Amino acid sequence: MKRLNSIRLSHFSQQHKNQFHFLLILLIFGMITGVLLSRWISASDVERLSSVLLTTVITSVEPQAFFTSQFVTNILFLLAVAFLGFSLAGIPLIGFIFFTKGVQIGFSCILYVLTYQLKGIVGIILTLIPQVLFDLIALFLVSVISIEISYALVRKCLGYESEHFSLTGLINSRLNVLIFSLLLVLFSSWIKSTLVIQLMEIFAMMD
């Protein structure tokens with residue numbers, strides 16, 4: 001079953017490689033923009049990150065409540081992105097989401113480095129990447145589905161789709177990808193509320 005799912009996802013990624021490349025380019029440009037924005041980072045922002053990361057998160061986060069908060073927030077966010085596919089403006093809106101996501105990641109990476117210097121690179125690997133990796137994969141998958149549906153709607157409105165085209169059939173064929181994405185969010189929320197907090201504690205003890 002796992003092998004079958006892997007084959008299906010591989011086929012899905014190959015079938016939609018143009019959409020993946022489009023979103024990846026926007027993400028990279030967003031990250032570059034986030035890095036460039038680092039010139040306006042103030043000393044207070046640097047101190048605030050250190051305080052939040054090493055004090056607030058580790059000492060005051062209750063794992064179960066944090067898991068619930070992360071899971072609900074990210075599920076609602078993914079569903080919102082999925083519903084953008086039913087809009088004619090879905091493609092530019094999803095592109096904007098990916099660009100801003102890249103800005104957040106790039107800005108956060110630079111903030112780590114400015115706060116902790118070389119130790120910040122370790123912090124990015126230990127605490128930042130585990131937080132964004134699975135959410136980002138899920139966002140990629142759902143966004144590709146939304147772009148596909150939005151593009152189909154545009155073509156249908158312009159009269160390019162044949163009369164045999166079924167939007168319902170297209171949506172049903174992508175439900176397995178959507179379900180897999182939601183499971184990724186579930187796993188990501190668990191990682192954040194358990195492993196990431198422990199990794200933050202390890203990072204805080206590093207000299």
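Colleague: Why is Phe-67 called partly exposed?

Modeller: Its relative accessible area is 24%. Buried means under 20%, exposed means over 50%, and partly exposed is whatever falls in between (1.4 Å probe, protein chains only). At 24%, Phe-67 therefore counts as partly exposed.

Colleague: And where does this model come from, before I read too much into it?

Modeller: It's a predicted model, where local features need pLDDT of at least 70 and side-chain atom pairs count only at pLDDT 80 or more, while totals for chains, interfaces and linings use all residues. Residues are numbered from 1 along each chain as its sequence is written, and side-chain values use heavy atoms, with hydrogens and water left out.

Colleague: What makes Phe-71 partly exposed?

Modeller: Its relative accessibility is 26%, so Phe-71 gets the partly exposed label.

Colleague: OK, big picture: how many helices and strands does the chain have?

Modeller: Eight helices and zero strands, giving the pattern α-α-α-α-α-α-α-α along the sequence. Helices are DSSP runs of H or I with at least four residues, strands are runs of E with at least two, and numbering starts at the N terminus. Of the 207 residues in the chain, 37% count as buried.

Colleague: How many aromatic pairs turn up in the whole structure?

Modeller: Six. Take Phe-20 and Phe-140: their ring centres are 6.1 Å apart and their planes sit at 25 degrees, so the pair is stacked. To pair, rings of Phe, Tyr and Trp (its six-membered ring) need centres within 6.5 Å; planes under 30 degrees apart count as stacked, over 60 as edge-to-face, and the rest as tilted.

Colleague: What does the pair of Phe-20 and Phe-140 tie together?

Modeller: Phe-20 lies in helix H2 (residues 17-36) and Phe-140 in helix H6, so the pair links parts that are 120 residues apart in sequence. At 17% relative accessibility Phe-20 counts as buried, and Phe-140 is buried with 12%.

Colleague: Why do Phe-67 and Phe-71 count as stacked?

Modeller: Their ring centres are 6.1 Å apart and their planes are at 5 degrees, so the pair is stacked. Phe-67 and Phe-71 both lie in H4, four residues apart, about one turn of the helix.

Colleague: What makes Leu-27 buried?

Modeller: Its relative accessibility is 5%, so Leu-27 is buried.

Colleague: Back to helix H4. How do you know that its length agrees with its 22 residues?

Modeller: The expected span of a helix is 1.5 Å times one less than its number of residues. For H4 that should give 32 Å, and its end C-alpha atoms are 32 Å apart, so the two agree.

Colleague: At what angle do H4 and H5 cross?

Modeller: H4 (residues 63-84) and H5 (residues 90-116) have axes that come within 9 Å and cross at roughly 150 degrees. Axes are lines fitted to C-alpha atoms, for helices over the stretch in contact, with angles from 0 to 180 degrees between N-to-C directions. Phe-77, Val-81 and Leu-84 of H4 meet Gly-90, Leu-93, Ile-94 and Ile-97 of H5.

Colleague: What covers the buried residues of H4?

Modeller: The cover includes H5, helix H6 (118-157) and H8. One of those buried residues is Gln-70.

Colleague: Why is Gln-70 called buried?

Modeller: Its relative accessible area is 18%, so Gln-70 counts as buried. The side chains of Gln-70 and Lys-192 also make a polar contact of 2.9 Å. That term means a pair of N or O atoms within 3.5 Å; within protein, one must be able to donate a hydrogen and the other to accept it, and residues adjacent in sequence count only if both atoms are side-chain atoms.

Colleague: How do you know that Ser-188 is buried?

Modeller: Its relative accessibility is 0%, so Ser-188 is buried. Ser-188 sits in helix H8 (residues 175-205), and its side chain makes a polar contact with that of Asp-135 at 2.9 Å.

Definitions and conventions:
Contact = heavy atoms within 4.5 Å.
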